[in-house]
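Here is my note on the chain, as numbered points. Please keep the model open while you read.

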Amino acid sequence: PAGMELLPRRAGPLIPLPPPECGCPGLLCMEPQEDEYYRGQVRRMNIAQQLVRGPSAYIPVGQIVQEGLNERRIFLEAFVSTGRVDNATMVMGLHPEYLTHFWKTQYHLLQMDGPLPFPDRHYVAIMAAARHQCSYLVNLHRAEFLQVGGNPEWLRGLHCAPQKLRNLSEINKILAHRPWLITKEHIEVLLKAEQSSWSLAELIHALVLLTHYHSLASFVFGCGINPEIGRA
């Protein structure tokens with residue numbers, strides 16, 4: 001394809017390797033594949049890599065930059081709020097009115113007062129993104145999770161997180177792939193658990209985060225969002 005060339009792959013593939021019994025979400029456990037067969041295959045493998053990197057694999061950098069100059073106010077708000085303007089925000093800036101509403105929604109979900117502690121919010125975002133194996137969002141919120149004081153041990157996998165968060169695994173899976181199957185019983189199980197139950201306000205916050213990041217993962221894949229430098 002235009003703008004691509006075949007280059008030798010320089011490292012082994014990263015594949016999800018959660019312990020089968022732990023129910024760990026996809027990209028929370030990623031380690032280099034050590035199997036000799038895979039090493040042999042990788043040595044003979046060529047993969048397509050971009051010659052020029054920008055926020056998106058599909059949208060010309062110049063187009064994104066030009067729109068960014070026209071919408072500096074929105075990007076300035078994003079920078080003031082989080083200390084950066086990530087690639088997803090840059091690409092979304094091609095639709096400034098949508099970006100404005102999106103940014104306000106995400107800001108309230110992650111940074112304003114609410115029932116969920118700040119580390120839990122980012123961990124729920126990781127769970128949702130990992131369900132779709134969206135490494136861009138997983139890595140982004142790993143960093144945010146640690147920045148707001150999250151326990152690094154939780155990042156070893158869902159089996160290392162508190163039971164309360166692990167209880168979200170089933171509803172996360174259904175919301176991600178077959179949301180029409182959700183019933184009131186799924187909600188009741190979480191609200192009435194003998195241990196580690198959720199309050200109604202907490203659960204609403206968590207479910208909105210899950211659906212928000214399921215949708216955002218689709219945007220990331222559809223627009224070919226590249227990882228920021230240092231997060232690849």
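1. Start with two buried residues. Both Tyr123 and Trp154 are buried; buried means under 20% relative accessible area, exposed over 50%, and partly exposed in between, with a 1.4 Å probe and protein chains only. Tyr123 has a relative accessible area of 0%.

2. Know what you are looking at. This is a predicted model, in which local features need pLDDT of at least 70, side-chain atom pairs count only at pLDDT 80 or more, and totals for chains, interfaces and linings use all residues. Residues are numbered from 1 along each chain as its sequence is written, and side-chain values use heavy atoms, with hydrogens and water left out.

3. Check the confidence. pLDDT is the predictor's confidence in each residue, from 0 to 100. The chain has a mean pLDDT of 77, and 68% of its residues reach 70 or more. Residues 1–27 are one of them; residues 29–52 are another. The model still has contacts beyond four places in sequence there: 61 for residues 1–27 and 50 for residues 29–52. A contact means heavy atoms within 4.5 Å. Where pLDDT is low, the predicted coordinates should not be read in detail.

4. Now the overall layout. The chain has eleven helices and four strands. Helices (H or I, at least four residues) and strands (E, at least two) are DSSP runs, numbered from the N terminus. Of the 232 residues, 40% count as buried. Among contacts with a separation of 6 or more, 67% come from residues 24 or more positions apart.

5. How many aromatic pairs does the count come to? The count is three. Rings of Phe, Tyr and Trp (its six-membered ring) pair if their centres lie within 6.5 Å; planes under 30 degrees apart count as stacked, over 60 as edge-to-face and the rest as tilted. Tyr123 and Phe145 have ring centres 5.7 Å apart and planes at 50°, so this pair is tilted. The pair links distant parts of the chain: Tyr123 is in helix α6 (residues 118–131) and Phe145 in helix α7 (residues 135–147), 22 residues apart. Phe145 is buried, at 0% relative accessibility.

6. Tyr123 has another partner. With Trp154 it forms an edge-to-face pair, 5.6 Å centre to centre and 85° between the planes. Trp154 lies in the loop between α7 and α8 (163–166), so this pair ties together parts that are 31 residues apart in sequence. Ring pairs link Tyr123, Phe145 and Trp154 into a cluster.

7. Look at Asp86 next. Asp86 sits in the loop between α3 (72–82) and α4 (87–92). Is Asp86 buried or exposed? Asp86 counts as buried, because its relative accessibility is 7%. Its side chain reaches the backbone nitrogen of Ala88 at 3.2 Å. Leaving out residues up to four places away in sequence, Asp86 touches Tyr136, Leu140 and Glu228.

8. Helix α9 (residues 169–177) has a buried set: Ile171, Asn172, Ile174, Leu175 and Ala176. The buried residues of α9 pack against α6, α10 (184–191) and α11 (200–222).

9. Last, the cysteines. The structure holds zero disulfides, a disulfide being a pair of cysteine sulfur atoms within 2.5 Å. Cys160 counts as buried at 19% relative accessibility. Cys223 also counts as buried, at 19%.

How values were computed:
A polar contact is a pair of N or O atoms within 3.5 Å; within protein, one must be able to donate a hydrogen and the other to accept it, and residues adjacent in sequence count only if both atoms are side-chain atoms.
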